[in-house]
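Hi,

Here is the structure I promised to pass on. Have a look at it first, then read my notes below.

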Amino acid sequence: MINEIISMNGYGAYVLSAFAFTLISFASLYFVTKLQFLKEQKRFTVKFGSLSLEKAKIAKSHNINKEILSITSKI
Amino acid sequence: MFKYFEPNKIFAITSRMQKYVLFLFIIILTIGLTEALIISPEDYKQSDAVRIMYVHVPAAWISLGIFSTLALLSVGSFIFKNKNFALISKSLAPSGFVFNIVALVTGSIWGKPTWGTWWAWDARITSMLILALFYGMYLLAWRIYQDKENVIKITSMIAIFGAINVPIIKFSVDWWNTLHQPASINILSNSSIHVSMLIPLSIMTAAFALFSLLIFLMKYNTELIKVKNKGLDRL
């Protein structure tokens, strides 16, 4: 049964390599995008941490900065 | 209307949506793979090689859909001068490019057992290759040009100019004699594909669409944080 599924009437190598290429491409894109996201998030946290109290207050008044910080704190 | 396009509102939604989209994608992909590789029947002519269709066709559809969206957003960016359109386009492009490459590679793998060749300069394949070049130019332009105003104009021009190729890809099988068969699925009239093959094809298309949404959400958030990083520098 398993051999039949894998051999696919002699087309198994073609079919499975097409599916494998697709899934590997998806996984690579996902991890590269995730890495880029984490890198930018880390940069933001470091930059925010180095701000003076006054500047941090101004930065915190922007809603999106608060959103980014709230997500960072969850991680 | 554009208040819904405010970055902080979009960021809040996109951050929360990611885990649900990933979860749904894994479930639908698992069902799709089971249908495509095990349950769906073999073709009377192509035998099991037809199963490659379940990754090749959805990838081609989504890469075309994403490029059309890039072109529409680029027109919107020119008309409404809304920079967020450019940010959305930039976040959509990587998954569109990967889907384009997947369509080309899986098409090539499918070509060997059915046509006896890995590659042919057939109208559909060549026009898909041209689309990949437009995607490449679009992504490269974002990397090369630093000036924000210029890069938005250049990438928008690439997307609008490249969109001319989209109807060519769609109708290439009708306009020229190609190795590709004419469309089997038609929204306006009866489709020639059997329901037992249409079901896995639809499920895989849904899974691929969810994956492109997931990558878009992650990429869009990354771009927003990049913008905010520059904002912190200016404080």
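How many residues does helix α5 of chain B have, and how far does α5(B) reach from its first C-alpha to its last? Helix α5(B) covers residues 148–162, which makes 15 residues, and the reach is 21 Å, close to the 21 Å expected at 1.5 Å a residue. Keep in mind that this is a predicted model.

Next, the place where the two chains meet. Here 38 residues of chain B are in contact with 35 residues of chain A. On the chain B side, α1 (7–39), α2 (53–80), α3 (83–115) and α7 (195–234) each supply at least two residues. The largest share comes from α7(B), with 12 residues. By type, this side of chain B splits into 23 nonpolar, 8 polar and 7 charged residues.

And how confident is the predictor? For the complex it gives an ipTM of 0.90 and a pTM of 0.89. Chain B has a mean pLDDT of 89, with 93% of its residues at 70 or more. Within chain B, confidence is highest in α2(B), at 95, and lowest in helix α6(B) (residues 165–175), at a mean of 86.

Cheers

Conventions: Residues numbered from 1 in each chain as written. Chains lettered and ligands numbered in written order. Predicted model: local features only at pLDDT ≥ 70, side-chain atom pairs only at ≥ 80, totals over all residues. Contact = placed C-beta atoms within 7 Å. Helix = DSSP H or I, 4+ residues; strand = E, 2+ residues; numbered from the N terminus. Nonpolar A, V, L, I, M, F, W, Y, C, P; charged D, E, K, R; others polar. pLDDT = per-residue confidence, 0-100. Expected span 1.5 Å × (residues − 1).
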